[in-house]
Amino acid sequence: WGYNEMFYDSENSCFYVDCELKLKNYQFKFDPYCDWTLSYGSGEENTAGKTVSLGKIMQTSTEKEKNTNFIFTPSSSGTYRFTFYEDDNTFVIRQE
């Protein structure tokens with residue numbers, strides 16, 4: 001497990017982080033307070049997680065008991081930007 005601090009873009013009301021990823025599966029959630037008192041996950045009971053597609057806007061959930069990880073597998077090694085929109089709790093991953 002790791003932690004990547006996100007930067008805030010006030011003009012677009014979003015948080016973002018660029019991550020160097022290799023060809024493997026990654027699991028993640030968004031933790032706005034850095035203490036796991038509130039986390040934004042998949043909103044599903046599936047303990048294996050929910051797969052995310054590159055460039056697709058995804059909805060997050062804070063529902064307890066149904067807040068498993070998202071899973072992302074990059075198509076190639078490189079830099080990927082994770083952008084979380086606080087207004088509607090959605091996110092998107094794009095390759096930079």
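Modeller: Happy to, and keep in mind that this is a predicted model. Let's start with pairing: two strands count as paired if DSSP finds at least two bridges between them. With that rule, five strands make an open sheet in the order S1-S2-S7-S8-S5, with antiparallel pairing.

Colleague: What makes S1 and S5 the edges?

Modeller: Strand S1 (7-9) and S5 each have a single partner strand, so one side of each is left without a neighbour in the sheet.

Colleague: How do you know that S5 and S8 pair?

Modeller: The cut-off is at least two bridges, and strand S5 (residues 58-59) has two bridges to S8, in the antiparallel sense. Therefore they count as a pair. If you want to look at the spot, Met58 stands opposite Phe91 in S8.

Colleague: And how do you know that S1 and S2 pair?

Modeller: By that rule again: at least two bridges are needed, and S1 and S2 have three, running antiparallel. Look for Asp9, which stands opposite Cys14 in S2.

Colleague: How many bridges join S7 to S8?

Modeller: Six, again antiparallel. Tyr80 stands opposite Gln95 in S8. S7 and S8 also form a hairpin with four residues between them. In that turn, Asn89 has a positive phi of about 55°.

Colleague: Next, the salt bridge. Why are Arg81 and Asp18 said to meet in one?

Modeller: The test is a side-chain nitrogen of Lys or Arg within 4 Å of a carboxyl oxygen of Asp or Glu. The N to O distance for Arg81 and Asp18 is 2.6 Å, so the pair passes. Arg81 sits in strand S7 and Asp18 in strand S2, 63 residues apart, which links distant parts of the chain. A search of the whole structure turns up one salt bridge.

Colleague: Are those two residues buried, exposed or partly exposed?

Modeller: Buried means under 20% relative accessible area, exposed over 50%, and partly exposed is in between. Arg81 comes out at 27%, so it is partly exposed. Asp18 is at 37%, so Asp18 gets the label partly exposed too.

Colleague: Why is Ser61 called buried, then?

Modeller: Ser61 has a relative accessibility of 16%, and the limit is under 20%, so it counts as buried. Ser61 lies in the loop between S5 and S6. Leaving out residues up to four places away in sequence, Ser61 touches Ser39, Tyr40, Gly41, Ser42, Gly43 and Asn67. Tyr40 is 21 residues from Ser61 in sequence, yet their C-alpha atoms are 5.2 Å apart.

Colleague: What about Ser39: buried or exposed?

Modeller: Buried, because 10% is under the 20% limit. Ser39 is found in the loop between S3 and strand S4 (50-51). With neighbours within four places set aside, its contacts are Lys29, Phe30, Ser61, Thr62 and Asn67.

Colleague: On to the rings. How many aromatic pairs does a search of the whole structure find?

Modeller: The search gives 12. One of them is Phe30 with Phe91, at 5.1 Å centre to centre and 55° between the planes.

Colleague: Why is that pair called tilted?

Modeller: Centres must lie within 6.5 Å, and 5.1 Å does; planes under 30 degrees apart would be stacked and over 60 edge-to-face, so 55° falls to tilted. Phe30 is in the loop between S3 and S4 and Phe91 in strand S8, 61 residues apart. Phe30 is at 6% relative accessibility and counts as buried, as does Phe91 at 0%.

Colleague: And what makes Phe70 and Phe91 edge-to-face?

Modeller: The angle between the planes is 70°, with 4.8 Å centre to centre. Since 70° is over 60, edge-to-face is the label. Phe70 is in strand S6, 21 residues away from Phe91. Both belong to one aromatic cluster, which also includes Phe28, Tyr40 and Phe84.

Colleague: Which residues of the largest nonpolar core touch the most other members?

Modeller: Of its 16 residues, they are Leu21, Phe28, Val52, Phe72, Phe82, Phe91 and Ile93. Strands that each supply at least two core residues include S2 (14-21), S7 (78-85) and S8 (90-95).

Notes. Residues numbered from 1 in each chain as written. Predicted model: local features only at pLDDT ≥ 70, side-chain atom pairs only at ≥ 80, totals over all residues. Heavy atoms only, no water. Core = buried A, V, L, I, M, F, W, Y, C linked by side-chain atoms within 4.5 Å. Buried < 20%, exposed > 50% of the residue type's maximum accessible area, 1.4 Å probe, protein only. Contact = heavy atoms within 4.5 Å. Phe/Tyr/Trp six-rings, centres within 6.5 Å; stacked < 30°, edge-to-face > 60°.
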